[in-house]
Amino acid sequence: MSECPPPTTPPDILVVDDTQANLQLLTGMLKERSYKVRPVPSGKLALQAARSAPPDLILLDINMPELDGYEVCAQLKRDERTRDVPVIFISALNETMDKVLAFGVGGVDYITKPFQFEEVDARVAAHLKLRRLQIELAARNHDLQQTNAELRRLQDLRDNLTQMIVHDLRSPLAGVFGTFELIAGEKDQLSEESRGLIELSQGALHRILTMINSLLDVSKFESGELQLHRSTCDVVALAREAVGLLAGMRGSRKVVVESEVESLPAAIDRDLISRVLQNLIGNALKFTPSDGEVIVRLAHRDGQIRVSVVDNGPGIAPEYHQRIFEKFGQVESEQPRTGTGLGLTFCRLAVEAHGGKIGVTSEVGKGSTFWFELPES
């Protein structure tokens, strides 16, 4: 930690002692060190002086009439204006219990009389420096809190604006997608090149709509607005359907659905889990070489349905295995980033909303397996 800069004004020290000789001695010595010193001869006057103008440090005797040092310190620590002012007890009492009581009421140090001024000077300097550092830290914390509050406000504005934009985009894009579906229905009348272009366009539009829906639904999940609409569905059939919907992305890649059983029924929100499957399979296709293969495996273990999407793409380093499921989390790689970082966030939230869990197993250069588990019922 760097040295704390010297204060622009001399530190203000309140010296409290009912013995005039001690008061004069400490006051004179501290003034020689260029401190601002306020001497007071009683506990009552000490409380008045500290509350009217809180000092930077207090040197406090214990044995005083009316209010002893313990009670003065206790009252100072109960007062919001003075609770953070460091109190150093300076007393002829030298029993262990005296020191325990002093620290118990809030003292930061204890000097026994008769004292050596070099000791007093060193301890005063140390506690003043510590106090300055505490004030500086509190100021920085306050600035950080204000900055964080402003960042949260700006993030809320950004999220609201983004939601407005993507919400308005969804309808016209859905219309364009529908138009391409109609054109694709007449593919027998089109040339092979035209059919290929339509398939590519359908794939691109599908990805755009998926990103838009993911952004809107992530916001709904975070605000607690998205409700599940469960029905009994066959997850195997749903996986095969998702593969079919992504035919435009497949190209020359091979996509295989493997299941231990013919059917895996589960009470799920069909639309949400379908989109989870499409996200995971779409990501696998995007990062799999043109001559590669994507395998969708389904299994049933201990009341859980496990779906794994396996690719032979570039793989993901271990340090990114958790980050990629966070909002806008992406993997740093040489490949261009073509997504928003929201697809996997949506998948995580959707699976967790069903009481399931999601994860990835991957090594760089060895492909990836994205998996999720859902309760059977």
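Mentor: A residue is called buried when its relative accessible area is under 20%, exposed when it is over 50%, and partly exposed in between, with a 1.4 Å probe and only protein chains considered. The model is a predicted one, in which local features need pLDDT of at least 70 and side-chain atom pairs count only at pLDDT 80 or more, while totals for chains, interfaces and linings use all residues. Residues are numbered from 1 along each chain as its sequence is written, and side-chain values use heavy atoms, with hydrogens and water left out.

Let us look closely at strand E12, residues 368-375, where helices (H or I, at least four residues) and strands (E, at least two) are DSSP runs numbered from the N terminus. Since 6 of the 8 residues of E12 are buried, this strand is largely enclosed by the rest of the structure. Two strands count as paired if DSSP finds at least two bridges between them, and E12 has such a pairing with strand E10, residues 304-311, to which it is joined in the antiparallel sense by 8 bridges. Within that pairing, Ile-305 has Leu-374 of E12 as its bridge partner.

E12 also pairs with strand E11, again antiparallel, over 6 bridges, and here Phe-372 of E12 stands opposite Ile-358. E11 and E12 make a hairpin with 5 residues between them, and in its turn Gly-365 has a positive phi of about 85°.

A salt bridge here is a side-chain nitrogen of Lys or Arg within 4 Å of a carboxyl oxygen of Asp or Glu, and Glu-373 forms one with Arg-306, the closest N and O atoms being 2.8 Å apart. Because Glu-373 lies in E12 and Arg-306 in E10, the pair ties together parts that are 67 residues apart in sequence. Glu-373 is buried, with a relative accessible area of 13%, whereas Arg-306, at 30%, counts as partly exposed.

What lies against E12 on the helical side? Helix H10 does: its buried residues are covered by elements that include E12, E11, helix H6 (192-223) and helix H9 (270-287), contact meaning heavy atoms within 4.5 Å. H10 spans residues 343-353 and is mostly covered, with 8 of its 11 residues buried; among them are Leu-344, Phe-346, Cys-347 and Leu-349. After H10 comes Gly-355, with a positive phi near 80°.

Cys-233 is in no disulfide, and the nearest cysteine sulfur, that of Cys-347, is 17 Å away. Seen from Cys-347, the closest cysteine sulfur is that of Cys-233, and 17 Å is too far for a bond. Cys-347 is buried at 0% relative accessibility, and Cys-233 is buried at 8%.

Moving back to E10, we find Asp-302 in the loop between strand E9 (293-301) and E10. Asp-302 has a positive phi, near 50°, in a residue other than glycine, and with a relative accessible area of 79% it is exposed.

Arg-297 is partly exposed at 39%, and Glu-258 is partly exposed at 34%.

Glu-119 is partly exposed at 29%, and so is Arg-123 at 26%. The structure holds 19 salt bridges.

Key. A disulfide is a pair of cysteine sulfur atoms within 2.5 Å.
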